[in-house]
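Try each task yourself before reading its solution.

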Amino acid sequence: MPSASGLSRDQRIRCRDRVVQAAKLTLANKEHTHYTEGPQRWDGIKNRRNAEIGQFPEYSDCSSFATWCLWNGLVLRFGLGDVVNGAGWTAGYTGTMLEHGLAVRYPASVLPGDCVIYGSGPPGVHCAVVVDMVNGTPMVISHGSEAGPFYLAYDYRPDVLQIRRYI
Amino acid sequence: MSGDKAAGFVDDDPEYATDAAAEIDVEAAGFEVADPRDVPADVGDSGTAEPPAGEG
């Protein structure tokens, strides 16, 4: 099976590092990042905020945050096109995220950099980025409100719709 | 969880499913795991795909 990104195995390892680094950096600076569903939510990508040099979005919502994390690995490291939303890295939401990447069926197969999408059905209502596994449970960083982001077990809410891989 | 059968599942390829997991060193240790009961309700996604500004 070709990977969702087209990257090689070794490239995917490096890409996941960058994605998780971006999510963790934003969590560590949660008091300086804000939640919005307005046009400013693409601040991270539009202003090319690079987590590797300590930059993170001032504004985002769940899907633009997840997309920015992936953009750090897929674009800043490997210069790839928008395999997450198919919108040239300028737009997207959980509905477009569901239309791209590959589905992960079992939690045991989940890897850092995968995304959990929540909702009762398409187009979904929320998403979060997997950052590690604790005792076999995928852990996510979720940015779903002004108080966020938060570090949580992937099933912190009961409506896990899909887990998708873009790397 | 539902899935996209048309596109297949990552799990259908065991090598890609695990994808060198042992070589990934990205532990988020040090962060406190939030209690979901203490987390404000997620506002939700914007629920719409704004027009792309063009391939970037």
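Predicted model: local features only at pLDDT ≥ 70, side-chain atom pairs only at ≥ 80, totals over all residues.

Residues are numbered from 1 along each chain as its sequence is written, while chains are lettered from A and ligands numbered from 1 in the order in which they are written.

**Exercise 1.** Work out the element order of chain A and how its radius of gyration sits against the globule rule.

*Solution.* Start with the inventory: chain A has four helices and eight strands (DSSP runs numbered from the N terminus; helices are H or I with at least four residues, strands E with at least two). Reading from the N terminus, the order is α-β-α-β-α-α-β-β-β-β-β-β. Next, the radius of gyration is 14 Å, close to the 15 Å from the globule rule for 167 residues, so chain A is as compact as a globular protein of that length. (The radius is taken over C-alpha atoms; the rule is 2.2 Å times the number of residues to the power 0.38.)

**Exercise 2.** Which strands pair with β8(A), and is β8 buried or exposed?

*Solution.* Pairing takes at least two DSSP bridges between two strands. Strand β3 (residues 102-104) runs antiparallel to β8(A), with three bridges; here A:Val104 stands opposite A:Ile163. Strand β4 (residues 115-118) is also antiparallel to β8(A), through four bridges, and A:Val116 has A:Ile163 as its bridge partner. Now burial: five of the six residues of β8 (residues 160-165) are buried, so the strand is largely enclosed by the rest of the structure. (Buried means 20 or more other C-beta atoms within 10 Å of a residue's own, exposed 12 or fewer, partly exposed in between, with C-beta atoms placed from the backbone.)
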